[in-house]
Amino acid sequence: MAVSQEFSVSVDKLYELLTDPDFLVERSTAMGEDCEAEVEEYDDETVIKMKRVVTRDLPAFLAKLFNPQQTINMTETWRRDGDAWEGDFEMVVEGQPVTIGGKFTLKPSKKGCVYSVSHTCKAKIPLVGGKVEKFVLGQTGDGAVAELEFAERSL
């Protein structure tokens, strides 16, 4: 699943916002989550580590398998690519056989910049793994859209 949004600010301005730990916590809190965020800057990359506690409305088949409140540990790595940024991330759901990953880019555009992200999911659950992956990808995509809309309002 892929999500993309154009912003009317420069790449550097949006990068600054999306790697600000205070903004990340504020954004998660606005989405109804508890969150901790830490950002480490290195010579060739920026690494964000977040711990998010989320509550989801689960369909009946998942409610029997999962607690609606879940803790997600996320590591996001940003790397400079000329006048753009690219990176990847991994989200691990504590105590559950579900891993979400993906890649993202932040590139200049005529209007300002475009942020794009694609998600993958792997659920190691016999018989229902595919259904779990589909549900998780839907939730992750919806969450990405909401987060980008929040970023747009914050600029």
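Modeller: Helices (H or I, at least four residues) and strands (E, at least two) are DSSP runs, numbered from the N terminus. Contact means heavy atoms within 4.5 Å.

The model is a predicted one, in which local features need pLDDT of at least 70 and side-chain atom pairs count only at pLDDT 80 or more, while totals for chains, interfaces and linings use all residues. Residues are numbered from 1 along each chain as its sequence is written, and side-chain values use heavy atoms, with hydrogens and water left out.

Two strands pair if DSSP finds at least two bridges between them.

Two of the pairings may be followed residue by residue. Strands β5 and β6 run antiparallel and are joined by eight bridges. Along this pairing, Glu90 stands opposite Gly101 in β6, and Glu86 has Thr105 of β6 as its bridge partner. The two strands form a hairpin with four residues between them, and Gly95 in the turn has a positive phi of about 75°. Strands β6 and β7 pair in the antiparallel sense over 11 bridges, with Cys121 in β7 as the bridge partner of Ile100. A hairpin with four residues between the strands is formed here too.

Strand β4 (residues 69-81) contains Thr71 and also Asn73. Thr71 is buried, with a relative accessible area of 19%, whereas Asn73 counts as partly exposed because its relative accessibility is 29%; buried means under 20%, exposed over 50% and partly exposed in between, with a 1.4 Å probe and protein chains only. Leaving aside neighbours within four places in sequence, Thr71 is in contact with Lys51, Arg52, Val53, Val92, Val93 and Glu94.

The largest pocket holds about 670 Å³ of space. A pocket is an open set of points on a 1 Å grid over the protein atoms alone, where a 1.4 Å probe fits, with protein on both sides within 12 Å along at least five of seven lines; lining residues have an atom within 4 Å of a point. Grid points are joined across faces, edges and corners, and the volume is the space filled by probe spheres set on the points.

The lining comprises 37 residues, of which Arg52, Arg56, Met91, Thr140 and Glu147 lie nearest the centre of the pocket. At least two lining residues come from each of α2 (21-30), β3 (46-55), β4, β5 (84-93), β6 (98-108), β7 (113-123) and α4 (129-154). Helix α4 supplies the largest share, 11 residues. By class, the lining has 24 nonpolar, six polar and seven charged residues; Ala, Val, Leu, Ile, Met, Phe, Trp, Tyr, Cys and Pro count as nonpolar, Asp, Glu, Lys and Arg as charged, and the others, Gly among them, as polar.
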